[in-house]
Amino acid sequence: MRMSERRSRTWSVVACACAALGLTASLDAEDWPQWRGVHRDAVWQESGVVERFPADGLRVTWRTPVRGGFAGPVVAGGRVFVLDYEETAGSRTMDGTERLVALDEETGVVLWTREWPATYRNLQWKFATGPRATPAVAGDRVYVLGAAGMLSCFDTATGDLVWQIDTTLDYDVTVPVYGVSQSPLVEGDHLIVLLGGEPDAKIVAFDKETGAEAWRALDATSEPGYSSPIVIDAGGVRQLIVWHATAITSLDPETGDIYWNQDFPIGGGMAIATPVRNGRYLVVSQFFNGSMMLALNPDRPAARVLWQGRNRGELPHQTDTLHALMSTPIVSGDYLYGVGSYGELRGIDATTGERLWRSDRMTVQKRFGTAYFVRNGDRHFVTNDEGFLIIARFTPEGYQEVDRTLLLRPTTRTRGGASGRWDDRAVLWAHPAFANRHVVVRNDAEVVRLSLAAEDYE
């Protein structure tokens, strides 16, 4: 039985007991066990959340020191898991140690840590801060993929190592210039990882209990890119959607067999943002190439291109639809909203690709300006890379900002060159976790848990 199924049954028993006793209780608490939440779609279902932020900021429940990293935290089973990295003192080859830290969700007390050696010598030095890929928790196992390609499975309670695979050795993975960034995905009995293994293991499914290979798919004719795969129900089947550096590919998550493939070559392997599905729409967006919007077939596993942006450059006045990079866009109804190449927020007609509006109000107007969107009811909680948490609504008519508050000060510096196109500024590039009416966020110095429960501010 999966963790989510056990939790559902547990809540049902509690609800029945409360009803029998004539009690009322809020039973919609929700963990954040993997990249982009429970269903990997950046939807946060909880109620009882603040409508606006208190004037003096959110209440901090705890702060715990951590080392460097871009990997966002996850929350599951009363624990917070976060990955970090520390370079070995005096190292000239960027050798160091990656670490998984398990914290008590209520107190922030460190429950256990596990470390393994990692070399960042192949990484672009500006981004040699730490791991990128968000862990995934399923039942009593937590799965992590380090920036240098170490794939590990640990027991959530004890931190005992269950299995470990060095993908650079066992799958001939070449660590990409920006580090291995694809968050692992648990689907049924499998742990699915976009690896880029040579010669025919661009994506691999492992037995989640033993680490044994279940299947491999796609020839490694290009870099894998940095995008995390998703699983959707469409065309009457479960589909594993993989956006890699040459195409968007749909596979059977049980076998790795290909359902359909749509070419979309990306320069520099920079397929980064996560594919987004809403209804019939499936979209990916890239910094240089712009967006590609696909329409999913309702009757069989297939897709067709609705529209594709034109590559006219990277500057805002040179781009047409949406040219996102790290910031995964959202689709609401028949509209696409997202942050483009230089931090500009745009509203797009999802059916045609026509740009409806643009705004410079939500995040910094700098190269690689980034924001992370999480839907809660009819609004979104947006974290921008300046460290602000924003409550906002997106409509075909424009951007509506409800409120904002400082969440956590950025510590990671982009360390850009003298061209001026990429400023030397501090950024918050780790996606927060929204769980149990709190937000958990990290930078390169600490991980912090803050309350979003309305009752805490009454």
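Predicted model: local features only at pLDDT ≥ 70, side-chain atom pairs only at ≥ 80, totals over all residues.

**Exercise 1. Find the ring over which the charged end of Arg 59 sits, and then do likewise for Arg 404.**

Solution. The charged end of Arg 59 is placed over the ring of Tyr 457, at 5.6 Å from the ring centre, where the criterion is NZ of Lys or CZ of Arg within 6 Å of the ring centre and within 35 degrees of the ring normal. Residues are numbered from 1 along each chain as its sequence is written, and side-chain values use heavy atoms, with hydrogens and water left out.

**Exercise 2. Describe the largest nonpolar core and the surroundings of Phe 434.**

Solution. Begin with the core itself, defined as buried Ala, Val, Leu, Ile, Met, Phe, Trp, Tyr and Cys residues joined through side-chain atoms within 4.5 Å, buried meaning under 20% relative accessible area, exposed over 50% and partly exposed in between (1.4 Å probe, protein chains only). The largest such core has 31 residues, and Phe 381, Phe 434 and Leu 452 have the most contacts inside it. Among the strands (DSSP runs of at least two residues, numbered from the N terminus) that each supply at least two residues of this core are E3 (79-87), E4 (95-104) and E28 (388-395). Next, Phe 434 has contacts (heavy atoms within 4.5 Å) that include Trp 32, Trp 44, Phe 381 and Leu 452, leaving aside residues up to four places away in sequence.

**Exercise 3. Characterise the aromatic pair of Phe 373 and Phe 394, and that of Tyr 143 and Trp 163.**

Solution. Rings of Phe, Tyr and Trp (its six-membered ring) pair if their centres lie within 6.5 Å, planes under 30 degrees apart being stacked, over 60 edge-to-face and the rest tilted; the whole structure contains 22 such pairs. Tyr 143 and Trp 163 are tilted, at 6.1 Å centre to centre and 45 degrees between planes. Because Tyr 143 belongs to strand E7 and Trp 163 to strand E9, the pair ties together parts 20 residues apart in sequence. Phe 373 and Phe 394 are edge-to-face, at 5.5 Å and 65 degrees, linking strands E26 and E28 across 21 residues.

Key:
Helix = DSSP H or I, 4+ residues; strand = E, 2+ residues; numbered from the N terminus.
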